[in-house]
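Colleague: Please take a close look at one part of this model. I would like the cut-offs stated along with the values.

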There are 2 protein chains.
Amino acid sequence: MATTGDGKATNKQVILRDYVTGFPKESDLIFNETTVDLKVPAGSKTVVVKNLYLSCDPYMRIRMGKPDPGTAALAQAFNPGEPISGYAVSRVIDSGHPDYTKGDLIWGLAGWEEYSVITPNPSHFKIQHTDVPLSYYTGLLGMPGMTAYAGFYEVCTPKKGETVFVSAASGAVGQLVGQFAKIMGCYVVGSAGSKEKVDLLKNKFGFDEAFNYKEEQDLNAALKRYFPEGIDIYFENVGGKMLDAVLLQMKPHGRIAVCGMISQYNFEDQEGVHNLTTIIYKRVRIQGFVVTDYFDKYYKFLDFVLPYIREGKITYVEDVVEGLENGPSALIGLFHGKNVGKQLIVVARE
Amino acid sequence: MATTGDGKATNKQVILRDYVTGFPKESDLIFNETTVDLKVPAGSKTVVVKNLYLSCDPYMRIRMGKPDPGTAALAQAFNPGEPISGYAVSRVIDSGHPDYTKGDLIWGLAGWEEYSVITPNPSHFKIQHTDVPLSYYTGLLGMPGMTAYAGFYEVCTPKKGETVFVSAASGAVGQLVGQFAKIMGCYVVGSAGSKEKVDLLKNKFGFDEAFNYKEEQDLNAALKRYFPEGIDIYFENVGGKMLDAVLLQMKPHGRIAVCGMISQYNFEDQEGVHNLTTIIYKRVRIQGFVVTDYFDKYYKFLDFVLPYIREGKITYVEDVVEGLENGPSALIGLFHGKNVGKQLIVVARE
């Protein structure tokens, strides 16, 4: 992170060693140190940024696998030997781009490294509100927040009084979906993988009920217990057995917004889902979605959510790891449910 | 079928022996003969009808199983010891209902028997156009026709130039979906289970391409061959392995209208579907639907489809079995793909 006299700086990076199969291991990610020119070359429209916070998100597992035309529509595979990338909060060091000047704060895609040279695109947003924690732009006010907002309000088409189930409910997205559902006047239940997370759901995020899926012998029975009349909306973050159980409890004209299926990303052969005929009988809609399709609604989202944050009516729990050197274990921990709340990495605080 | 002097008639019926598990057998359906009063009792709003044509439809398998709250939203289970029921074309013999008079033709639910006493409901329609074959009201102009119409135009939201795949494509619904897709200006491919059916798809119904799924070693490869750029719309009639293969070939923002999953109805444990994560990457919508939700559009459908039929621009293939006594084998044959086109039974011609 040291800047040298010639306008260059050393730049620590997290590199993908090789394409990953199965669960990722820390040894799949290696460190490299290079130097970066902190000045944008004359005529270039790029921006040099210092990365402050890096976001750990489940979809990044998909980018660690071999290039696959099936997943390319979501995101390109990382290149072995190069830094991985993800959503970040960064400060502009130098800019050749007309929209950005030195000192600006940005959230959007950047490399997992101390400094990145980025070419701004519509998925980069200038940060204008700094009366809230800056790290929120990796979560509540960034990609995961938009995911919860678009997924719940646009994809789930919720109505007051409906019953909502959220899996991986204490995660970066789930904790918000639950709070949005309460604001809407829904009954909302969340599942998570530890007592600590279940307590958060009930006591901090205001879920009506919550359960630890690891302690349930029978997911169908658990869902029946909390939804005796059935589920109108399922916000799907995990896939596999949980989806199968939910399908049997859906109400007629129910909706399943498929945000992610973290339980499946590490399997070469995904688990089979057996109860799909129920979507006929129950007229269920299952809709996969990707947040970038909704980024044009970002400022509308900010107008909606900032007042709730300032009034303390929406809260957010982050799992903050200090130092880029601890990034790989934090990222890999996601797939074992080690994080409590939104997982992020502090690379630098300013 | 003989009427007796006292205003009664003998009434042959097809009875469900007991709830069915696995593939239904002919012995699951037994015959009974009773007598029926051809006069409606004074004060009753029922209607006595003579059943002319009975429709054999895959969903009837679901009604042959044990009562299940999961499927009750679609249809109640049949009662062992009683006649099964289904869509029928019938002629009114006597009526206590203000909307029906002797001689009227009706399509809607009736028992599998020579005469039925029905209580008209919104799923009974008076037949007003008889310049087309009366049997069409079990198929093209009845429930399956409405299924194809609502499923394709309302659920699939098709656009000109899109690519459409239809499974069980020569069946009562599929053959129409393909023709609607061509009218819309789509590229349409169908799958079926015999060379005869594949020939029908290409040479009679105007599908662009068709294949025999039983002769394909690799369904993924078959779909890639016919959809090198992917599938925009899948009209799902079969489920299981075909759905899994289709999921991998869907285009971004593709739509899957789930009309039925005939391959799964006879399994106690349904086959697993493994490729659901693709619906995230591709933003796919999977929508189950039930035709009765769209019955309010029936007259709009008639206005749309009758001109095409009269101009010979929509055609329909029926598999006609003579005699109620041959009904059970015809119905069971559906689950082995024995029917070529819409399976129906002639009970009486007038």
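Which residue of β13(B) does Arg285(A) stand opposite?

Modeller: This is a predicted model, in which local features need pLDDT of at least 70, side-chain atom pairs count only at pLDDT 80 or more, and totals for chains, interfaces and linings use all residues. Residues are numbered from 1 along each chain as its sequence is written, chains are lettered from A and ligands numbered from 1 in the order in which they are written, and side-chain values use heavy atoms, with hydrogens and water left out.

Arg285(A) stands opposite Gln287(B). Strand β13 of chain A, residues 285-288, runs antiparallel to β13(B), and three bridges join the two; strands are DSSP runs (E, at least two residues), and helices are runs of H or I with at least four, while pairing requires at least two DSSP bridges.

Ile280(B), Tyr281(B) and Arg283(B) supply 24% of what chain B buries against chain A, more than any other three residues.

Two salt bridges cross the interface, counted when a side-chain nitrogen of Lys or Arg lies within 4 Å of a carboxyl oxygen of Asp or Glu. One of them joins Arg283(B) to Asp293(A), with the closest N and O atoms 2.8 Å apart.

Terms used: Buried area = accessible area lost by both parts, 1.4 Å probe.
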